[in-house]
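Trainee: I have a structure open and would like to go through some of its contacts. Can we start with the aromatic residues?

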Amino acid sequence: MWWPAALAAAVALALGVPALVAGSTTASGSSSVAVPADDSPEAGFARDMATHHQQAVDLSFIVRDRTSDEPTRTLAFDIINTQANQRGMMMGWIDQWGLSQHSPAKPMAWMGHDYQAHDGSLMPGMATNTQLAKLRSLSGRDAEVYYLQLMIEHHKGGVEMAQGYVDMAKNDVEKRLAQSMVVAQTSEVELMTGMLKERGAAPGVPAS
């Protein structure tokens, strides 16, 4: 099930990274290569969004096995494939830049965010360990509703981070990826809000 991420990493290494790190052309006609610094927004966004995406994939695998509802399973499948592919691309960029996949800096410090991590929730929108355990305990409509509520908050946090990077981006390829996340996840929030309404529920994660 993890082949999309591996394939995306290979594609990023073969195609995406050269375009991402290519710098300006000098007077002699040779191209300079600008590798992002370890504490740059480029490296920070790639690392943090890869972590954020991994939880979206995990949430989607959980609900996929706890409902037979086709719309919910289709949404979960789409999120698994899209975000696993994007995660693979970002991890591929980090490898190509010669940087560590992990940083001692707090998540989202690159954009001045001071989120207080708690119970496994490392960044805005991320579910807590308690919420993950609750989702695993549910099935059918209850699992669908709770998944949608969690994923709406997850997407809102992802959109905030992606837009934060767009506003300070220096690499066009990574900026385009971030912009595509803003558009796609905003659209999915609208879709999931409608799915909740169909199930007699509303956005907002109930207190555990």
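**Aromatic residues and a helix pair**

Mentor: Tyr-165 is buried, because its relative accessible area is 0%, and the cut-off for buried is under 20%. Keep in mind that this is a predicted model.

Trainee: How many aromatic pairs does a search of the whole structure find?

Mentor: The search finds three. In one of them, the ring centres of Phe-45 and Tyr-165 are 4.8 Å apart and the planes are at 10°, so that pair is stacked.

Trainee: Where do Phe-45 and Tyr-165 lie?

Mentor: Phe-45 is in helix 2 and Tyr-165 is in helix 5 (residues 140-166), so the pair ties together parts 120 residues apart in sequence. Phe-45 and Tyr-165 are both buried.

Trainee: And what kind of pair do Trp-110 and Tyr-165 form?

Mentor: An edge-to-face one, with 6.4 Å centre to centre and 70° between the planes. Phe-45, Trp-110 and Tyr-165 form one aromatic cluster.

Trainee: Is Trp-110 buried or exposed?

Mentor: Trp-110 is buried, with a relative accessible area of 13%.

Trainee: New topic. How do the axes of helix 2 and helix 3 cross?

Mentor: They come within 8 Å and cross at roughly 155°, which makes helix 2 roughly antiparallel to helix 3. The residues of this contact are 16 nonpolar, six polar and four charged.

Trainee: What does Met-91 touch?

Mentor: Leaving out residues up to four places away in sequence, Met-91 touches Ala-50 and Gln-101. Met-91 lies in helix 3 (residues 70-96) and is partly exposed, at a relative accessible area of 27%.

Methods:
Residues are numbered from 1 along each chain as its sequence is written. This is a predicted model: local features need pLDDT of at least 70, side-chain atom pairs count only at pLDDT 80 or more; totals for chains, interfaces and linings use all residues. Side-chain values use heavy atoms; hydrogens and water are left out. Helices (H or I, at least four residues) and strands (E, at least two) are DSSP runs, numbered from the N terminus. Buried means under 20% relative accessible area, exposed over 50%, partly exposed in between (1.4 Å probe, protein chains only). Contact means heavy atoms within 4.5 Å. Axes are lines fitted to C-alpha atoms, for helices over the stretch in contact, and angles run from 0 to 180 degrees between N-to-C directions. Angles under 35 degrees count as roughly parallel, over 145 as roughly antiparallel, 65 to 115 as roughly perpendicular and the rest as oblique. Ala, Val, Leu, Ile, Met, Phe, Trp, Tyr, Cys and Pro count as nonpolar, Asp, Glu, Lys and Arg as charged, and the others, Gly among them, as polar. Rings of Phe, Tyr and Trp (its six-membered ring) pair if their centres lie within 6.5 Å; planes under 30 degrees apart count as stacked, over 60 as edge-to-face and the rest as tilted.
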